[in-house]
Amino acid sequence: MAVMMDTSETYAKAWIPFLDRERTVAKPGYSRWMIPPAALCVHLCIGQAYAFSVFNLPMTKLLGITQSAPEDWKLTELGWIFSIAMLFLGISSAVFGRWVEEGGPRKAMFTAAICWASGFLISALGIKTHTLWLIYLGYGVIGGCALGVGYISPVSTLMKWFPDRPGMATGMAIMGFGGGALIASPLSVWLMSKFQTATDVGVFNTFIVLGCVYFCFMMFGAAIVRVPAPGWKPKGYTPSADTGKKMVTKNDVFVYDAVKTPQFWLVWTVLFVNTTAGIGVLGQASAMSQEMFPGHITAIAAAGLVGLMSLFNMGGRFSWASLSDYIGRKNTYFVYMCLGFVMYITVPYAGGSGNVVLFVCCFLIIVSMYGGGFSTVPAYLRDLFGTRYVGAIHGILLTAWSAAGVAGPVLINYIREYNVTHGVPKAQAYNTTMYIMAGLFIVGFICNLAIRAVDSKWHMKKPGEVDAGAADAVPSRA
Amino acid sequence: MEHVETNTSTLRLILAWSIAGIPLLAGVTQTLINAMKLFQ
């Protein structure tokens with residue numbers, strides 16, 4: 001049931017006064033354009049997670065140096081590091097979402113910086129002592145918590161600073177998460193080459209340097225981030241302009257009430273569908289393109305395709321989210337679902353007809369919408385549930401990402417494997433999966449169609465507002 | 001309450017955007033160079 005809105009803002013004091021939410025309230029005249037770089041500093045750092053695979057091969061040769069020794073770690077064991085980190089991303093964003101929302105962005109960014117740097121340093125210790133569980137704990141658990149807390153930390157702050165362009169604002173930050181790998185991948189390779197000796201593959205020193213560099217970057221973001229003063233609005237912005245849109249609410253919904261609404265689960269399903277489809281092709285693009293176009297797409301060209309997809313993943317996060325400010329969130333997701341359906345139907349045709357250009361175009365559009373799905377969803381949640389707890393609600397919604405992280409690769413890999421073992425030529429082994437993905441988009445389309453404005457019974461009551469049916473109301477932050 | 005956004009100096013804005021933007025730009029450039037292999 002509805003929750004009473006508490007405007008007393010009695011947040012727990014941080015043990016370091018600098019981190020207090022009150023200390024982050026912007027003074028008059030503070031430019032809101034300082035907030036996107038603050039958010040980018042955090043997201044560019046934690047986006048390194050997408051590039052962690054560059055360490056996999058060197059970490060299988062920590063003892064053997066030139067080639068794997070029998071005591072060296074196996075790739076299958078190392079694969080768990082990323083999986084644990086992704087798991088803890090989902091868990092921490094869901095568990096700590098409310099704390100992030102109430103404690104303010106600086107405290108959350110600081111915590112994320114400490115966890116992210118500690119994760120690297122503990123992992124470096126794991127490398128030095130050749131203890132794999134230390135890396136699971138460091139990068140996987142502690143680093144995973146940094147991913148979750150860091151990912152959601154600037155989201156609601158950005159939307160409060162940019163009420164006129166919430167999609168563009170969150171798109172800029174979440175674009176950083178996609179761009180983080182573009183920096184981390186060449187940087188890590190370069191650092192390892194510098195630290196490599198006849199007796200060391202260079203991973204230990206690289207982890208130490210990355211941990212320190214990322215800490216400084218994230219702390220810079222934490223230092224310059226501010227929350228707008230109560231009642232602040234951008235020059236020339238009239239909030240009443242939004243009220244004409246039925247889907248955009250001016251009210252707030254408490255985080256734990258939001259998950260009781262059908263709207264939350266419909267958005268969850270839509271995000272799950274979009275992410276499953278994107279992750280599936282993103283992870284397997286190299287192998288898939290080479291198998292579908294043998295002789296046309298070489299391993300080097302496939303690597304180029306993966307690079308191009310990373311750029312479209314990043315660019316899609318900004319451009320689709322910005323577009324959603326003009327056409328609306330629901331319509332943007334309709335575009336994802338319809339265009340995604342068409343693209344997945346087209347991929348088998350492109351493979352069958354040997355049309356490489358069409359195939360590449362399909363993949364680039366799919367991956368741009370994958371990124372766009374992530375960056376558009378915070379503004380979608382804000383439209384439905386208001387700004388007050390959007391970060392916390394977004395944190396819980398990210399469990400859809402974790403679920404899709406399992407479903408996407410499973411759909412692609414296992415169905416391909418099944419088809420190949422049953423005599424289907426490799427070039428056509430992905431066709432069934434493509435049609436299943438297209439079917440998923442129909443489910444997503446229906447879910448998106450079913451999303452309506454949240455019932456007013458879930459709206460938080462403002463102080464002094466009388467609600468006859470709110471006998472069970474609980475004060476916020478109780 | 002409405003604030004005129006003029007007090008944050010342009011230099012601070014340029015510095016903040018440079019710290020976030022230059023590494024990103026370098027990463028994008030490097031990736032574009034690698035992506036060109038697709039067309040070779």
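Predicted model: local features only at pLDDT ≥ 70, side-chain atom pairs only at ≥ 80, totals over all residues.
**Exercise 1**

Describe the contact between domain 1 of chain A and domain 2 of chain A, as seen from the side of domain 1.

Solution. 

Step 1. Count the residues in the contact: domain 1 of chain A supplies 29 and domain 2 of chain A supplies 30.

Step 2. Find the elements on the domain 1 side. Those giving two or more residues are helices H3 (75–103), H5 (132–152), H6 (155–161) and H7 (166–195) of chain A. H7(A) gives the most, with twelve residues.

Step 3. Sort this side of domain 1 of chain A by class: 15 residues are nonpolar, ten are polar and four are charged.

**Exercise 2**

Determine how H3(A) and helix H14 (residues 390–397) of chain A are oriented to each other, and list the residues through which H3(A) and H14(A) meet.

Solution. 

Step 1. Take the distance and the angle: the two axes come within 7 Å and cross at roughly 175 degrees.

Step 2. Apply the cut-off: angles over 145 degrees count as roughly antiparallel. H3(A) is therefore roughly antiparallel to H14(A).

Step 3. List the residues. From H3(A) come Ser93(A), Ala94(A), Phe96(A), Gly97(A), Arg98(A), Val100(A) and Glu101(A). They meet Gly391(A), Ala392(A), Gly395(A) and Ile396(A) in H14(A).

Step 4. Sort by class: the contact of H3(A) with H14(A) has five nonpolar, four polar and two charged residues.

Notes: Residues numbered from 1 in each chain as written. Chains lettered and ligands numbered in written order. Contact = placed C-beta atoms within 7 Å. Helix = DSSP H or I, 4+ residues; strand = E, 2+ residues; numbered from the N terminus. Nonpolar A, V, L, I, M, F, W, Y, C, P; charged D, E, K, R; others polar. Axes fitted to C-alpha atoms, helices over the stretch in contact; angles between N-to-C directions. Parallel < 35°, antiparallel > 145°, perpendicular 65-115°, else oblique.
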